[in-house]
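Subject: Handing over the structure

Hello,

Here is the structure I promised to pass on to you.

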Amino acid sequence: MEKLVIEGGLPLRGSVTVSGAKNSVLPLMAATMLTPGTHRFTNVPKLRDVTTMQRLLAHLGVDSQIEGRTLTLTTNELKSHEAPYDLVKTMRASVLVLCPLVARWGKARVSLPGGCAIGARPIDLHLKALKEMGATIEIKEGYVEASAEKLKGAHITFDTVTVTGTENLMMAASLAEGATTLKNAAREPEIGDLANYLNKMGAKIEGAGTDTLTIQGVSQLKPSEHSVIADRIEAATFLMAGAITGGEVTVKNCPSQFLEALIDRLKEAGCTFDIADHQITIKITQRLKSVNVTTSPFPGFATDLQAQFMALMTLAEGTSVISETIFENRFQHALELKRLGADITLDGRTAIIKGVEKLSGAPLMATDLRASASLILAGLAAEGTTIVDRAYHIDRGYEHIEERLARLGAKIKRQY
Ligand code: UD1
């Protein structure tokens with residue numbers, strides 16, 4: 001199994017260009033099923049999850065071609081309406097094909113994703129909302145079977161803010177008969193990106209970026225072109241790599257308004273920032289200070305940054321309390337960080353981190369995508385050698401991370 005081997009202790013310096021957002025490109029790819037024709041996306045990241053989505057769409061009948069950072073998808077006839085277990089189990093975002101399949105083709109059979117490393121992650125809210133739009137839904141043999149001759153607009157209030165749930169229902173409502181409102185909708189920038197693309201396709205969506213979306217259904221959509229927004233989670237991870245190593249790192253191609261909650265916390269921790277158009281520089285010249293963090297939906301502190309932030313807090317002066325409110329089991333990195341000498345106590349969804357003077361390198365096991373980023377950050381700051389096993393987790397969401405960190409001065413290589 002591939003591993004990342006890190007010789008820690010070097011301050012990172014330089015600049016890195018942020019890739020397109022994983023969490024944007026996946027729903028955009030699913031949206032291509034809403035209409036026949038050829039769609040073109042630019043600024044597409046080279047990620048394992050993109051390849052998995054290409055495989056899923058190919059199974060359904062969508063041809064795709066990638067050239068550099070441009071992805072072309074052509075959808076004409078449907079070959080299947082089933083998202084099989086083998087693909088869904090490796091990538092939960094596969095569930096994003098559910099609503100496009102029902103909205104355009106009248107039926108879908110999508111494997112239930114099941115639990116995952118960070119929590120139960122049900123899709124009950126997607127299903128409840130789709131039912132409210134007139135779909136018939138049954139669970140059979142581990143699959144959701146959904147059908148509707150024509151979806152009807154509805155007034156839907158999500159019990160919990162759900163990102164892919166909001167995206168799925170935006171796609172369903174775009175081709176439904178009549179108007180839909182989605183209340184308590186997610187406000188993540190990736191929702192705005194999908195809404196922009198659907199509107200380019202001829203959809204009528206208003207309110208993206210607020211908690212209420214109104215969508216006037218149209219009878220058909222047309223393919224278009226779109227550049228994927230920057231990956232704010234990747235950008236944040238590079239900024240934190242600068243912070244944890246006491247260096248100075250510039251991330252290019254990412255607007256700072258995607259990262260306000262993180263930047264505020266990092267300022268409290270003693271980092272300074274230079275913020276320009278689409279460019280953020282972080283610098284730190286003193287030991288990090290402890291800061292408390294509670295995760296929440298956008299614009300709050302992202303759960304996808306909690307693991308990386310915890311790595312920083314292991315070396316900060318004082319005690320930090322990190323509360324995870326989105327997922328119930330998202331502290332697996334804490335147990336690995338302790339192997340480097342971190343002082344962390346877990347109490348349910350709260351972690352108490354007493355900063356230590358130094359970490360020392362050790363072999364570690366990555367358990368999920370963001371946990372692996374946390375372990376890499378800790379390894380960059382630890383004395384000696386850290387080996388992060390199961391590197392495939394990181395490749396799901398970070399493009400060639402070891403090459404880009406090496407260009408910033410890190411000693412990191414992949415071991416096959
Ligand atoms: C998306 C992101 C993921 C991020 C997460 C939270 C993508 C592809 N993935 O995941 O990186 O960590 O948002 O910001 O965009 N829930 C239910 N029932 C549902 C749906 C969700 O109870 O039907 C709960 C979940 O268990 C979780 C919370 O709602 O506790 C938020 O989950 P959700 O926003 O749906 O996460 P994803 O869309 O899967």
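Below are some notes on what was found.

This is a predicted model, in which local features need pLDDT of at least 70 and side-chain atom pairs count only at pLDDT 80 or more, while totals for chains, interfaces and linings use all residues. Residues are numbered from 1 along each chain as its sequence is written, and side-chain values use heavy atoms, with hydrogens and water left out.

Let me start with a sheet. Four strands form an open sheet in the order β22-β23-β1-β24, with mixed pairing. (Strands are DSSP runs of E of at least two residues, helices are runs of H or I of at least four, and both are numbered from the N terminus; two strands pair if DSSP finds at least two bridges between them.) β22 (363-365) and β24 (411-415) are the edge strands, each with a single partner, so one side of each has no neighbour in the sheet. On average, neighbouring strands here are turned by 20 degrees against each other, direction ignored. Helix α12 (residues 369-381) packs on this sheet and touches β1, β22, β23 and β24, and its direction makes about 25 degrees with that of β1. (Such angles run from 0 to 180 degrees between N-to-C directions, with axes fitted to C-alpha atoms, for helices over the stretch in contact; contact means heavy atoms within 4.5 Å.) Within the sheet, β1 (residues 3-7) and β23 (residues 385-389) pair in the antiparallel sense over 5 bridges, and L4 has V388 as its bridge partner in β23.

Next, R13, which is in strand β2 (residues 13-17). Beyond its neighbours within four places in sequence, R13 is in contact with G246, G247, E248, R407 and L408. R13 counts as partly exposed because its relative accessible area is 48% (buried means under 20%, exposed over 50%, partly exposed in between, with a 1.4 Å probe and protein chains only).

Now the cysteines: the structure holds 0 disulfides, a disulfide being a pair of cysteine sulfur atoms within 2.5 Å. For C254, the nearest cysteine sulfur is that of C271, 16 Å away. C254 is buried, at 0% relative accessible area.

Finally, some backbone details. Most residues other than glycine have a negative phi, and most peptide bonds are trans. N184, in the loop between β11 (179-183) and α7 (189-200), has a positive phi near 55 degrees. A cis peptide bond joins F298 and P299, with omega about 10 degrees.

Best wishes
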